[in-house]
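These notebook entries record what I looked up in one structure. I began with the chain as a whole and then turned to its parts.

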Amino acid sequence: MEFGDYPAERERIERGGAAKYHQAAAAAGKYHARERIRRLCDPDSFREDSLWANPDPTLPADGVVVGTATVQGRPIRLVANDSTVKAGSWGARTVEKIIRTVEAAQLEQHPIVYLVDSAGARITDQVQLFPGRRGAGRIFHEQVRASGKIPQACALFGPSAAGGAYIPAFCDIVAMVDGNASMYLGSPRMVEMVTGEKTTLEDMGGARVHCEQSGVGHFLCRNEDEAIASVRRWLSYLPSNWTQPAPVRAARPPLPVDLAASIPASESAPFDMHDFLDGLVDRDSMLEVQARWAGELLTAFARLDGRPVGIVANNSAVRGGVLFSDSADKAARFVSTCDAFNVPLLFLADVPGFMVGSAVEHGGIIRHGAKMIAAVAEATVPKLCVVVRKAYGAGLYAMAGPAFGSDACLALPTARIAVMGAEAAVNAVYANKIAAIDDPATRERFVADKRAEYEADVDLRRLAGELVVDDIIEPAHLRDDLIARYRRLTHKDRRFSDRRHPITPV
């Protein structure tokens, strides 16, 4: 090839696949891989690596675009499947390009973003790409090595098939485009062959399935621009790597919400914790993670006086705020992410405890609950627990109660802390006596007296006197108190335990 031909060859490679594949993608509301990169990254910041990966003219760049860029002024590495080239499938050079990118991101200590739209491995090239030391499995090995060192984000625009589905699974967050994105280990045709089940791609592994049922997806997005924006915003709360502090932005006042008035007088009356948070955190700073999954527990990034915090809050508006297996898993993953990347944690407790019954026991709720409690105990970032209303039973433990290394356990005047609520406790202890009282009025007085005794025993002022809670805070003063406490904890000693790693109850 003459030197003068290189610009034309570069242009041909950058175009990707044939025009008909570009047209089909556009008809489905999909951008080309290079357009996705342009929309994700700062203008003119992308520098491509390994453009010339495959000399085969039908496989430009071997179907994947990799390189460096900046997002909001900070360096990143990125991987983008080109679905116009063999449906974004993987060949041997595709795999090598991805491995090199993950390795480089770790060496440079920069976040990595995967823009995924891939039909999986090319079966015809399996010997070259699948089993070897630099085969596809090495991608996942490197992702695991990178986990907790650098942020890993995935925007999923199309399929992520078979083994390739583990790229999103090993990322810290996954933004999925509704109607186009999917993750699955076996195609519907393969599923029918193996199991006899007839299903569709959307029903089995579509964006709504993973964002609402399986919990693999974190953000359900209406289109590709929203998915890209979700990734950009998520990155804004995190440092570039585990050694750096979380980035600080300009402070903003919260929305004008009367926090005290937002809390119902009755502990059994549901209320939406989102409303409370609107009046607590910086205006427009909250980014909820996995909002559509296990809604009884709210996990979100937000800012207090410009500083990022990770929020774990019970939401009694959904299933009474009771903790289930999914909500325990959701919390464990979120707490671990915040702890890895130096984001302080704020727990807002309004929890009657973990769910009970044979169905949840058969589903391993003790194991899932232990996973959440372990993550909370192991987290060494600044941790503050605020009991908004009730914190009963192991719910107190799971929400970073006094025994779990919280730097402070605060209570609002509406708080109740006990093994269980007064009504349940009286029924548990005095069930036989209550049943033996024939006169309804006498029975009612007996129950009322026992409830009063129980509530006096766990009176909030008494708990403060016993140093169970560190302070009783009026809701109007809570924001200022939290800001001051987090500032004091900026240089907290984060040593916890000498060991190789915990045995997590997964």
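**Entry 1: conventions.** I worked with a predicted model, in which local features need pLDDT of at least 70 and side-chain atom pairs count only at pLDDT 80 or more, while totals for chains, interfaces and linings use all residues. Residues are numbered from 1 along each chain as its sequence is written, and side-chain values use heavy atoms, with hydrogens and water left out.

**Entry 2: the chain.** I looked up the secondary structure and found 21 helices and 16 strands. Helices (H or I, at least four residues) and strands (E, at least two) are DSSP runs, numbered from the N terminus. The C-alpha trace spans about 100 × 55 × 45 Å along its principal axes.

Of the 506 residues, 51% count as buried. Buried means under 20% relative accessible area, exposed over 50%, and partly exposed in between (1.4 Å probe, protein chains only). I also looked up contacts, meaning heavy atoms within 4.5 Å. Among those between residues at least 6 apart in sequence, 73% join residues at least 24 apart.

**Entry 3: the largest pocket.** I noted a volume of about 1500 Å³ for the largest pocket. The lining has 42 residues, and those closest to the centre of the pocket are Ser147, Ala332, Ser336, Thr337 and Ala340. On a 1 Å grid over the protein atoms alone, a pocket is an open set of points where a 1.4 Å probe fits, with protein on both sides within 12 Å along at least five of seven lines, and lining residues have an atom within 4 Å of a point. Grid points are joined across faces, edges and corners, and the volume is the space filled by probe spheres set on them.

I sorted the lining into 18 nonpolar, 13 polar and 11 charged residues. Ala, Val, Leu, Ile, Met, Phe, Trp, Tyr, Cys and Pro count as nonpolar, Asp, Glu, Lys and Arg as charged, and the others, Gly among them, as polar. Helices α7 (166–169), α14 (325–340) and α16 (365–378) each supply at least two lining residues. Which helix gives the largest share of the lining? I found that α14 does, with eight residues.

**Entry 4: helix α14.** The 16 residues of α14 should span 22 Å at 1.5 Å a residue, and the end C-alpha atoms are 23 Å apart, which agrees. The expected span is 1.5 Å times one less than the number of residues. Because 12 of its 16 residues are buried, α14 is largely enclosed by the rest of the structure. The buried residues include Ala332 and Thr337. Their cover includes β9 (287–289), β10 (297–304), β11 (307–314), β12 (345–351) and α16. Just after α14, Asn342 takes a positive phi of about 65°.

Entry 5: I looked up Leu412 in the loop between β14 (408–411) and β15 (416–418). Is Leu412 buried or exposed? At 0% relative accessibility, Leu412 counts as buried. Beyond residues up to four places away in sequence, Leu412 touches, among others, Val387, Ile473, Pro475 and Leu478. Pro475 and Leu478 are themselves among the buried residues of α21. Helix α21 (residues 475–488) has 14 residues and reaches 21 Å from its first C-alpha to its last, close to the 20 Å expected.

**Entry 6: Tyr392.** Tyr392 lies in strand β13 (residues 383–392) and, at 6% relative accessibility, counts as buried. Leaving aside neighbours within four places in sequence, I found Tyr392 in contact with residues including Glu267, Val351, Arg416 and Met420.

**Entry 7: loop residues.** Asp44 is not a glycine, yet has a positive phi of about 60°. Asp44 lies in the loop between α3 (33–40) and β1 (47–49) and is exposed, with a relative accessible area of 71%. Lys86, also not a glycine, has a positive phi of about 50°. I placed Lys86 in the loop between β3 (74–81) and α4 (92–108), and at 52% relative accessibility Lys86 counts as exposed.
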